[in-house]
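I opened this entry to look at helix packing, then at the sheet, then at model confidence. My notes follow in that order.

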Amino acid sequence: MKYFKIIFSDKYYFSILATLPFYLIIILLLKFSNLFTTIRFYQIRSNRIGHFSIMPELFLTRKKTKKNLNQLDIFCFDEEICNKFLKKAWSRNFLILPRMIIFPIIFWLKKFKMKKNLIPREEFFAKDIENLLDFSEPNIKFTTNEKELGAKLLEELGIKKNEKYVCFSVRDDEYLKKTSSGDYQYHSYRNTNVKNFKLVAEYLNSKNIKVVRVGSIAQDKLNFKNDKIIDYPFSHQRSDFMDIYIIANCYFYIGGGPGIDSIPILFRKPKLQTNLVPILGTTCELKKVMTIFKHHYCEKLKRNLSIKEIISENMDNVHHTDKFKDKKIKLIENSPKEILDATSDLLELVEDEDNFVKKINQLDQKTFWSIFPLKKKNKENIPLHGQVRGMISPSFLKNNNYLLN
């Protein structure tokens with residue numbers, strides 16, 4: 001009885017059950033084909049841009065490291081598509097068939113436990129644990145027409161050819177409110193205040209670098225906009241294509257928590273991740289990715305927690321606002337000065353890597369990574385981190401040395 005409740009809980013399952021004889025024939029054919037070659041199936045998660053960007057990129061990058069694969073991989077997308085350009089771009093790289101055909105095959109392969117014909121989830125794992133991205137080219141390539149369109153739209157936004165600009169993102173609740181029917185308030189611990197990016201925008205402008213706030217949907221317009229600070233989500237040039245193209249061509253990127261923070265990784269762009277929480281989400285595998293965290297203020301102790309204390313309280317991998325409240329831990333956003341200092345660090349790294357690496361306090365970096373739980377694994381026993389190539393912002397560690405206690 002439980003089995004049929006599962007079947008009828010989704011509209012697709014009606015057709016799956018009705019066409020069972022047809023799919024049984026497919027299953028038998030797959031079993032026979034396994035004697036010669038392996039045909040594998042997978043449904044690409046396409047409803048959230050963070051998953052829809054980095055997971056296919058890592059799958060393709062990992063596949064390039066494997067040789068003489070005697071297999072054929074066939075895919076479908078989720079029912080929901082969060083970005084139509086990404087769907088188009090990935091369709092150039094994957095063999096994509098309609099979901100109504102592929103989803104039932106995946107369903108019955110799981111029921112008959114034919115794992116050989118299912119692409120394992122670890123091949124789509126969202127972390128670069130093999131440290132491959134720094135040594136590979138992006139898999140998404142823009143066509144000549146797309147490049148011409150992107151350049152035209154950038155110029156309409158006020159960015160001329162070869163002009164430097166930095167993208168920054170800010171997470172709020174507006175995107176999920178408008179695109180999802182569920183209650184996603186438990187994600188509010190990731191939200192950031194756009195006003196805290198004013199100082200860094202002005203700093204970059206003083207360096208003759210324009211600044212673009214990115215994202216498809218935003219709650220509040222910028223109150224510090226000028227001809228060098230562009231509020232892209234509220235522009236006429238905003239589209240699914242430009243959501244990707246504008247980040248793909250930026251000088252570097254400053255993340256604030258939303259799913260689009262994965263897009264710069266697709267195109268190997270230097271990135272500063274601000275206000276990161278939980279701390280286990282740190283991207284350490286890429287050389288030009290830098291991180292600063294939200295402060296974990298303990299109301300019981302009346303002070304911020306160190307990295308060791310965050311780990312000992314089992315708060316290093318928490319993804320629910322109420323769990324922080326239950327532990328009486330208040331998450332404090334990075335200050336405008338912290339974001340500015342960390343951005344200055346990244347700018348130095350990008351423009352003069354050798355001198356920057358020489359002058360920073362390497363002991364702080366080594367101490368941090370010796371404390372950080374690099375060897376942790378997820379429930380499926382997959383490591384959450386690869387070898388350390390990135391860094392925590394040196395100025396952030398210097399000014400918040402309590403983290404290393």
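I started with a helix pair in this predicted model. Helix α3 (residues 20–33) packs against helix α6 (residues 99–111) at an angle of about 70°, and their axes lie 10 Å apart. Angles of 65 to 115 degrees count as roughly perpendicular, so α3 is roughly perpendicular to α6. I noted the hand of the α3 and α6 crossing as right-handed.

Next I asked which residues of α3 and α6 make the contact. From α3 I listed Leu-20, Tyr-23, Ile-26, Ile-27 and Leu-30. From α6 I listed Met-100, Ile-101, Pro-104, Ile-105, Trp-108 and Leu-109. I then sorted the contact of α3 with α6 by class: 11 residues are nonpolar, none is polar and none is charged.

I moved on to the sheet. It is open and has 7 strands, ordered β5-β4-β3-β6-β7-β8-β12, with parallel pairing. Which strands stand at the edges? I found β5 (229–231) and β12 (391–392) there. Each has a single partner strand, so one side of each lacks a neighbour in the sheet.

Strand β4 (residues 210–213) runs parallel to β5, and 3 bridges join the two. Arg-213 stands opposite Asp-231 of β5.

Last, I checked confidence. The protein has a mean pLDDT of 91, and 92% of its residues reach 70 or more. Where does pLDDT stay under 50? I found that over residues 1–9. For residues 1–9 the model has 10 contacts beyond four places in sequence.

Note on methods
Residues are numbered from 1 along each chain as its sequence is written. This is a predicted model: local features need pLDDT of at least 70, side-chain atom pairs count only at pLDDT 80 or more; totals for chains, interfaces and linings use all residues. Side-chain values use heavy atoms; hydrogens and water are left out. Axes are lines fitted to C-alpha atoms, for helices over the stretch in contact, and angles run from 0 to 180 degrees between N-to-C directions. Helices (H or I, at least four residues) and strands (E, at least two) are DSSP runs, numbered from the N terminus. Angles under 35 degrees count as roughly parallel, over 145 as roughly antiparallel, 65 to 115 as roughly perpendicular and the rest as oblique. A crossing is left-handed if the near helix is turned anticlockwise from the far one by less than a right angle, and right-handed if clockwise. Contact means heavy atoms within 4.5 Å. Ala, Val, Leu, Ile, Met, Phe, Trp, Tyr, Cys and Pro count as nonpolar, Asp, Glu, Lys and Arg as charged, and the others, Gly among them, as polar. pLDDT is the predictor's confidence in each residue, from 0 to 100. Two strands pair if DSSP finds at least two bridges between them.
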